[in-house]
Amino acid sequence: MQPLNRSSKLLLILLPIWLFITAIIRPMSVPDEGRYGDISRAMFETGDWLTPRINGFPFMHKPPLLHWISSGLMEIFGVHLWVLRLVPVLAATLMLTSIFFFVRKYINEQVAQLSVFILATSLLFFGSSQYINHDLLVAAWMTLTVFCFADYTLSGKKSILFLGYVACAGGFLSKGLIGVLVPGMVILPWVLYCKEWRKIPSLLNPLGILLFIILVGPWLYLAQQHYPNFLHYFFIEQQFDRFSSTGFNNKQPWFYYIVILLFSALPWLMVTGLTGIKQHIRSVVPSPIFALLLWWLVSVTVFFSIPPSKLAGYILPAIAPLTILITAWVQQALHQPKNKLQLFGTPIFISLIGIAILVAPHVIKSNHAFYQQHIGFISIIGAILLISPWILFAAFKTQKISFLQGIAVSLLILCSSIPFAVRMFDTKTNNGQIQFQQYLHGKTQLVFYHYYFYDLPFLLDLKSPIYLVNNWDNIGGDNSSVEIKDGLLFEPQLKRYLWSDAALQQALQNKQPLIVISRPHDFKPTDPHVKVLHQRNYDVFLFNQ
């Protein structure tokens, strides 16, 4: 393979740096960043690399690779939010790099460069690269797995096959069976379609399978040895039951992911002018690769659309084939006469987002005072998005920059503005709302009342579990209380941290020094003179301080 040209090297270096810089702008978001960030912090501080824990309770819903990487980085750099955000940025870099080298090998370097840029500036991918959870990590491993097995099918190179098994193990250790099933669902039908069925036995290489077992087996074995009910809980309850159950949150219609993918890619789709899709893509992408990408996109989208519970990040495994197909479409459309949609679509899209940001503080009724504190900065962001695409459009019309350069810079500005906008509009974060920390001293116990505030343990750097008050005998559904209560399946002795309302009242009667935190107006103390601190998202009650 020819060495990379200078522009490719710069792109593969600068894009991850840009993703990381933009990732550290906003504060910790809830619930996922608070949940997974604090699990990683606990793993780092306790040295227990076997069991992910939330509030000291085993959290065996997902494998620990995300937390292993985060905790390893904390060993080097310390406990900081920016350290946690390195993980999604590294996952993004893995996906960008794998797409680049696959497209470079089977199409050409120019399309590979444009592919990684389009991927980096697609809204779903960019947002996921800024957010601490398992979704982009498992999607990146899945993407690399599919590329490696496809490459081996076409080239017969054994080393790439073993890399595929390593990537498959990474996918399993990121989110479980889905990291194996989805690549298999993509590769096997494609191999049959390409009439390469004779290679199926060699794809199931015994040494590759052994390598996979060596990588995933130790954690499964040790966790089962430590918790005899682990394998049933992990595979049956959290893998199969979760996929088929209707009892989880975030129920969405069947077409939800189609809308998500189209909206994420919309700025680049408009660059194509929405004309000549078949001839443009087929003229760039070789037939077996086109079949792979099309089947990959369709099968993954259908697969994740089946369960009623849907989150935007779940569809990330479909983003790589969609990106490559759109890139081929854009590549050819750039050389054709441009229609009005190509010329004006993306600038109008970005300007509309700018207008929405300008208008939002004046029409959103809740937290109006919070938005007014940042009205100046919000106005600057909105104005930049409203005006900048048209300045770049004017530069294109006067031939100072190319059409592609104008679109590329416009989308870089849009994506770079998103973390600043989120920082200004995210009222759910509790960053800057922990002034009560000064009262946490001595034997004072912290109590969460009927709600788990995911980011507070991390922001407070707590070293011991919080007491949680709820009606534990009757909780159900898909919520933080169930997540934590499930930990009793593995360590029932931790039930001492789960209080009923009666237990809380008994502690108050015994004059225990407590700080009780509840959502606004949820908790009503019997003592009307108790000191209360009102924060944006919760009330803090100081007892016997």
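**Notes on pockets, patch and salt bridges**

1. Helix α20 supplies five residues to the lining of the second largest pocket, the largest share. Helices are DSSP runs of H or I with at least four residues, and strands are runs of E with at least two, numbered from the N terminus. A pocket is an open set of points on a 1 Å grid with protein on both sides within 12 Å along at least five of seven lines; a cavity is a set where a 1.4 Å probe fits but cannot get out; lining residues have an atom within 4 Å of a point.

2. The model is predicted: local features need pLDDT of at least 70 and side-chain atom pairs pLDDT 80 or more, while totals for chains, interfaces and linings use all residues. Residues are numbered from 1 along each chain, and side-chain values use heavy atoms, without hydrogens or water.

3. The second largest pocket has a volume of about 410 Å³, taken as the space filled by probe spheres set on the grid points. Q110, Q113, L114, L404 and Q405 are the closest to its centre among the 16 lining residues. Helices α1 (6–23), α5 (109–120) and α20 each give at least two residues to this lining.

4. Helices α17 (340–363), α19 (375–397) and α20 (403–425) each supply at least two of the lining residues.

5. A nonpolar surface patch consists of F344, I348, L352, I355, V359, V363 and W390, with about 590 Å² of accessible area together. Patch residues have over 30% relative accessible area and no salt bridge, with nonpolar side chains joined within 5 Å. Helix α17 gives the most, six residues.

6. There are 16 salt bridges in the whole structure, each a side-chain nitrogen of Lys or Arg within 4 Å of a carboxyl oxygen of Asp or Glu. E33 pairs with R26 at 2.9 Å between the closest N and O atoms. E33 is buried at 0% relative accessibility, and R26 is buried at 7% (buried is under 20%, exposed over 50%, partly exposed in between).

7. D461 and R41 form a salt bridge at 3.0 Å, N to O. D461 is in the loop between α21 (456–460) and β4 (467–469) and R41 in helix α2, so the pair ties together parts 420 residues apart in sequence. Salt bridges with shared partners join D38, R41, E45, D461 and K463 into one network.

Definitions and conventions: Patch = residues over 30% accessible without salt bridge, like charges linked within 9 Å, V, L, I, M, F, W, Y side chains within 5 Å. Areas by Shrake-Rupley, 256 points an atom, 1.4 Å probe, with all protein chains shown as cover. Buried < 20%, exposed > 50% of the residue type's maximum accessible area, 1.4 Å probe, protein only.
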